[in-house]
Amino acid sequence: MVWSPDQGLFAYSCGCVVVVEYLHTGCQRHLQGHSEEISCLAVTNDAQTVASAARDSNGSRSLICIWDVQTGACRKTISYHRGGVQSLTFSRDDRFFLSVGDFSDTEMALWSTKTFQMLSSVSLSGPIHDAAFSPSAASQLACVGSQGVYFCLMHNHGLDVDLKVQRVRAPAEVGDVELTALCYHTDSLLFTATNRGHVCVWDIETQHCFMTWEADEGEIGVLLCRGNRLLTGSNTRWLRLWGVEAVQGVKPQGKVSSQEDSGTMVVLEQEIMLDGTTISAAFDNTMDMGIVGTTVGTLWYINWSDSSSIRLVSGHKTKVNDVVFSPDESHFATCSEDGSVRVWSAPSNELVVQFQVLNQSSNCVCWSPASDKENACVAAGYSDGTLRIFRLSSSEMEIKLHPHHVAVTAVQYSADGHVILSAGKNGLVAVSSPVNGATIRVIRDHKGAPITTIQCVNEQCKNFGLEGNEMWLAASADRRVSVWAADWLKDKCDLLDWLTFPAPAYFEDGTPPPTLAAFCPSDPSLVVYTGYGVEKELSFYSLAKKQIIKKIAVPHWVTCFSLSSKSQLIAVGSKERVLKLIKSTSGKFQDFLQHSDLLQTCHFSPSGALLFTVAYNEILLWEVRGL
């Protein structure tokens, strides 16, 4: 994450996309040029240029993109580091740009920002964790890593630049440590942090550490200095603000002194506990307010003057298993392997409420059909076989059901909302009452094969010779789909059709593609199916004619799909990270390559105007404009 308070630029990475967000309006701009997850960002001091780095998808050298903030255009791409890129930073005068390789390629490269030609490179003795230019001396920079601190000087020879590097080990007083972060303080001092919570103070001229103190109990990953205030952020979740004015008065002695020995009071002014390890921070010139990013996917606005912290951006740390819009599209719900179910408001995308279940994975989520806000509920299925129904108006759990002894793999309210259908990993489908939690019936037809999909629709079933006012289907991993006619108020549920799709033996790596099925929104008598088979395709099965009436070939095995209620559009995701939008009537399609991992979930909104796609923990929301 980078933030320039004077210019109002705020940018962060989401997978392989750089998101530029305008905080006063909430609008976003997306910079797309990477195919893998972005490892670091940097911004020039004039906030006109952003640099981003990510590995290349074909395993070759990492790609560094240089972006023009005003236009969103990629001005230049650089490929140099053989491994990942650990750090990017611009010099204070924006003339130079530094890139540092990760543990697999411990090389530091210096570039001109005028041409983005490389001026010099140095191979260092061990992995580097952080690097910075001096704020005042144009020719000085430093970096820290497992082997200590590296003091670097730039020597200009006409157009050429030499980098002179001097390595100094961490002081013995802090033990066997790695240096994990650094920042400059005034012209003459450098702060470095360790993986055991120390802060070391160095005299730049003598390259000597003259003072240490224990600022944290864990690894400090972020150090930031503004004036006489120092920020430390660590993996203990503590964000701490220190007053370090007195450090300037310490006379460097022959030995390293601790804070107590020197009689110098480094003052802990304030501290805030966040929701995860601090990995990025940017503050204004007085260190009064700033933005901090954590490993949980949260970006916090921090205001030290009133000790407040506000979530600017939230996300899931672990794999997102499901995302679905409410019927009126005013909210959407997500669920994750970390056991959380989160409800967000639309279109602001702000987190409204989070329901957390410890030591469980939340595998699936759905909304109740109720349209009024007072009765709106979300139901989620968990890895311990339970369902939990949460009411939005009270932000509390309404009821907990336990219809399964194995993990729940799919959950759906019936179209009228009278019952809730859930499926277990063992193929059993339970029909339960959302009012008292009782299991009304268990359907065993798919026993032995995990259910991948359940869907319910309003449809008069007399057209098919059965009694019922809604249909529902279940698809299981053994490529079978059952379609049912139901009238839940009369306790009627009859099998309408049973589809089995043949397939050859599966010899590829990993698990076969999932079995997926859905009713066609414009005509529920059509079921769209895809799964592992002889061909990679979407099949349209007519319940009235009892046969497949149409097929659409696709280039990859489908990992997720969703059917839009308008324009006959089908969204298809694949392991190849491609989102394909297909017009089912014509076969016309368009590909989108914005994700940095395989697509596991996609869902159109009820109106079809919006589309969610998910790859691991990246959630992208698309505006659907048709083909």
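**Close-ups of a predicted model**

**View 1. The largest cavity and its lining.** Strand 51 (residues 569-574) gives the largest share of the lining of the largest cavity, three residues. Strands here are DSSP runs of E, at least two residues long, numbered from the N terminus. This is a predicted model, where local features need pLDDT of at least 70 and side-chain atom pairs count only at 80 or more, while totals for chains, interfaces and linings use all residues. Residues are numbered from 1 along each chain as its sequence is written, and side-chain values use heavy atoms, leaving out hydrogens and water. On a 1 Å grid over the protein atoms alone, a cavity is a set of points where a 1.4 Å probe fits but cannot get out, and lining residues have an atom within 4 Å of a point. Among the lining residues are Val 554, His 556 and Lys 580.

**View 2. Leu 241 in strand 23.** Look for Leu 241 in strand 23 (residues 238-243). Leu 241 is buried, with a relative accessible area of 0% (buried means under 20%, using a 1.4 Å probe and protein chains only). Leaving aside residues up to four places away in sequence, Leu 241 touches several others, including Val 267, Met 287 and Trp 304 (contact means heavy atoms within 4.5 Å).

View 3. The four strands sit in the order 30-31-32-33, with antiparallel pairing (two strands pair if DSSP finds at least two bridges between them). At the edges, strand 30 (320-325) and strand 33 (351-356) each pair on one side only. Five bridges link strand 31 (residues 331-336) with strand 32 (residues 340-345). Cys 335 stands opposite Val 341 in strand 32.

Technical notes
On a 1 Å grid over the protein atoms alone, a cavity is a set of points where a 1.4 Å probe fits but cannot get out, and a pocket is an open set with protein on both sides within 12 Å along at least five of seven lines; lining residues have an atom within 4 Å of a point. Buried means under 20% relative accessible area, exposed over 50%, partly exposed in between (1.4 Å probe, protein chains only).
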